[in-house]
Amino acid sequence: MTAKHLQDTTTLYNGVSMPWFGLGVFKVEEGPELVNAVRTAIRHGYRSIDTAAIYGNEEGVGQGIREGLEAAGIKREDLFVTSKVWNADLGYESTLKAYEESLRKLGLEYLDLYLIHWPVEGKYTEAWKALEMLYKQGRVKAIGVSNFQIHHLEQLMKETEIKPMVNQVEYHPRLTQKELQAYCQENGIQLEAWSPLMQGQLLDQEDLLRIAEKYQKSIAQIILRWDIQNGVVTIPKSTKEHRIIENADIFDFELSAEDMQRIDSLNQNHRVGPDPDNFDF
Ligand SMILES: NC(=O)c1ccc[n+]([C@@H]2O[C@H](COP(=O)([O-])OP(=O)(O)OC[C@H]3O[C@@H](n4cnc5c(N)ncnc54)[C@H](OP(=O)(O)O)[C@@H]3O)[C@@H](O)[C@H]2O)c1
């Protein structure tokens, strides 16, 4: 069933609840803008924050979380926090160490979701075994991957014990990832969209503008609603309070099947980020 409220959750295959909607903080540097954005989002009802070791902002995210929890009068358990192990740390011992370092910077006792950031060939299996260990020890609520194509998932599932609970990938109307989504669905892996707004590059697209006018919503809201109706978790980034509010205000309308189709048809298999089958970092 499609989410009806900003705090509605999807249930991962291991039973953990994950909010359909959250805040991303890629490219937001340490400092007051970051702390404010995280605090503001939580105050306005966001219950999920997505960061990564490579963003270099886990300390500020932690600060924003502490301030946000206080401002909203909620507890740590009410929040869903994600971070990711960077490529340079992929390996059994190094991944375990990276997890501790992320926790230390965030000032948290546990993460709700820890992801392998990129599928570096020859490295992700050992890193996954570390994530499995953290999960079995109860140190992390859920484990998953990011930027994994079907063949990466197949390889991982062949060589390891626990199936990823989440796959976070680039996903927006120019990159609809139908095959990957179907595969994840068949395997009980929750798909999550990064750069859902195509980093702001879709916000004057004419077909989307027509749909936005029809529902009296912004293009950003139309795209984010399309994510949710497609069963995809979404984590748009903004540091501006009015956009943090706007992006989350998508639970009071429903896109028709015809408009969902129209948005799907904008697909061009076009990426704004690196190709998971051809990257060199
Ligand atoms: N796993 C991965 O490899 C990976 C890669 C990339 C991103 N991510 C995650 O996904 C999150 C989201 O992706 P993203 O940050 O790349 O891009 P995005 O969310 O698609 O777009 C963010 C851009 O759109 C602008 N924006 C946001 N809301 C808007 C609105 N309502 N109207 C107009 N402009 C708006 C933001 O500017 P302002 O801040 O000025 O509002 C920012 O420039 C990241 O922050 C990160 O947490 C993960």
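This is a predicted model: local features need pLDDT of at least 70, side-chain atom pairs count only at pLDDT 80 or more; totals for chains, interfaces and linings use all residues.
Leaving aside its neighbours within four places in sequence, which residues is histidine 117 in contact with?

Residues are numbered from 1 along each chain as its sequence is written, and side-chain values use heavy atoms, with hydrogens and water left out.

Now the overall fold. You'll find ten helices and ten strands in the chain, taken as DSSP runs numbered from the N terminus (helices are H or I, at least four residues; strands are E, at least two). The chain's radius of gyration is 18 Å, close to the 19 Å from the globule rule for 281 residues, so it is as compact as a globular protein of that length. That radius is taken over C-alpha atoms, and the rule is 2.2 Å times the number of residues to the power 0.38. The C-alpha trace spans about 55 × 45 × 35 Å along its principal axes. Of the 281 residues, 58% are buried, meaning under 20% relative accessible area with a 1.4 Å probe, protein chains only.

Histidine 117 sits in the loop between strand S6 (111–116) and helix H4 (124–136). At 7% relative accessible area, histidine 117 is buried.

And its partners? Histidine 117 is in contact with Ala52, Ile54, Tyr55, Lys84, Val85, Trp86, Asn87, Ser146 and Asn147, its neighbours within four places in sequence aside; contact means heavy atoms within 4.5 Å. Thanks, all!

Methods: Buried means under 20% relative accessible area, exposed over 50%, partly exposed in between (1.4 Å probe, protein chains only).
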